[in-house]
Amino acid sequence: MGNITDAEWQALWVSVSVAGTGLLVTMPLALLTGWALARWTFWGKTALDILVHLPLVMPPVALGYLLLLALGPRGPLGSVLESWFGVSLAFSWSGAVLVAAVSGFPLAVRAIRISAENVEERLMQAARTLGQSPLGAFVTVALPLMLPGIVAGAVLAFARALGEFGATITFAASIPGETRTLPLALHSFLQLPGGEDAALRVLALSVTVAVAALVASEILVRSATRR
């Protein structure tokens, strides 16, 4: 297969940086949303649940096109961001991060919601009886019990972002060194005559990162469960 080229290392770095930054954007909101769906009763809960899971069931290209319609240069939100704040998300690294965050969000929420539903209410009430505020009870009681689910959700969201293709190429395009992630690089090399060797190297990088994420997930979940 030959040695890995700079362009291939570049695609790996873009993938990891985009997926990692997307995860940082996703997790605080996913934690709040998962807890709310599991423990709170409020008007519009069903609508929120549908909205959260919509990116999971939509075709990725449709998701990317929807983001482009809303946040593109001519979109209702994109035009405001560009004219008022000078921010352009479409066809940029930030746009790829947004796609990573949106695509991984449902998986993170789902794992967190399941773990939140398993936190016993009597433990929360006991913490309140001992003088904890609702936030204090959440931080000291619920959060440690939910930690394995939070870790699992984070890994699932990260892995989903790493493998995202359709929405990324639609909304962020395939710009070398900026938005060309490993899946996009693999697709590009497969379109080139004689690009099979490069495609195999990118495939090997993709499998290596995926396996590393799974191993890290298993270690972190076991550690969180022991605690």
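Is Phe-91 buried, exposed or partly exposed, and at what relative accessibility? I looked it up and got 40%, so Phe-91 counts as partly exposed. My cut-offs: buried is under 20% relative accessible area, exposed is over 50%, and partly exposed is in between, with a 1.4 Å probe and protein chains only.

**Ground rules**

I am working on a predicted model, where local features need pLDDT of at least 70, side-chain atom pairs count only at pLDDT 80 or more, and totals for chains, interfaces and linings use all residues. I number residues from 1 along each chain as its sequence is written, and side-chain values use heavy atoms, with hydrogens and water left out.

**Overall build**

I counted 10 helices and zero strands in the protein. Read from the N terminus, the order is α-α-α-α-α-α-α-α-α-α. Helices here are DSSP runs of H or I with at least four residues; strands are runs of E with at least two; both are numbered from the N terminus.

I put a box around the C-alpha atoms along the principal axes and got roughly 70 × 45 × 30 Å. Of the 227 residues, 41% are buried. The accessible surface comes to about 12,400 Å². Carbon and sulfur atoms hold 68% of that surface. I took the areas from the Shrake-Rupley method with a 1.4 Å probe; for residues, only the protein chains shown count as cover.

I then looked at contacts, meaning heavy atoms within 4.5 Å. I took the contacts between residues at least 6 apart in sequence; 71% of these join residues at least 24 apart.

Charges came next. I found 13 positive and 12 negative charges, with mean positions 11 Å apart. Lys and Arg count as positive, Asp and Glu as negative; His and the chain ends are not counted. Each charge is placed at NZ of Lys, CZ of Arg, CG of Asp or CD of Glu.

**Helix H3**

What span should the 12 residues of H3 have at 1.5 Å a residue? The answer for residues 60–71 is 16 Å, and the end C-alpha atoms are 16 Å apart, which agrees. The rule is 1.5 Å times one less than the number of residues.

Which residues of H3 are buried? I listed Leu-63, Gly-64, Leu-67 and Leu-71. Seen down the axis of H3, these buried residues fall within an arc of 100 degrees, so they line one face of the helix. The arc uses the directions from the helix axis to the C-beta atoms. The cover over them includes helix H2 (45–57), H4 (76–85), H5 (93–117) and H8 (166–171).

Leu-68 also lies in H3. At 23% relative accessibility, I log Leu-68 as partly exposed. Leaving out residues up to four places away in sequence, Leu-68 touches Ala-90, Phe-91, Thr-170 and Phe-171. From Leu-68 to Ser-94 I get 13 Å between C-alpha atoms, at 26 residues along the chain.

Where is Phe-91? I placed Phe-91 in the loop between H4 and H5. Phi of Phe-91 is near 60 degrees, a positive value in a residue other than glycine. Most residues other than glycine have a negative phi.

I found another positive phi at Ala-173, near 70 degrees. Ala-173 sits in the loop between H8 and helix H9 (182–191).

Ile-175 is also in the loop between H8 and H9. What does Ile-175 touch, not counting residues up to four places away in sequence? I noted Phe-91 and Arg-180. Ile-175 is partly exposed at 27% relative accessibility. Ile-175 and Asp-197 are 22 residues apart in sequence and 21 Å apart in space, C-alpha to C-alpha.

**Two more spot checks**

Asp-197 lies in helix H10 (residues 196–226). Its relative accessible area is 43%, so I call Asp-197 partly exposed. Asp-197 to Leu-184 is 16 Å, C-alpha to C-alpha, across 13 residues in sequence.

I found Pro-28 in helix H1 (residues 6–39). Pro-28 is exposed, with a relative accessible area of 54%. The C-alpha atoms of Pro-28 and Ser-103 are separated by 15 Å, at 75 residues apart along the chain.
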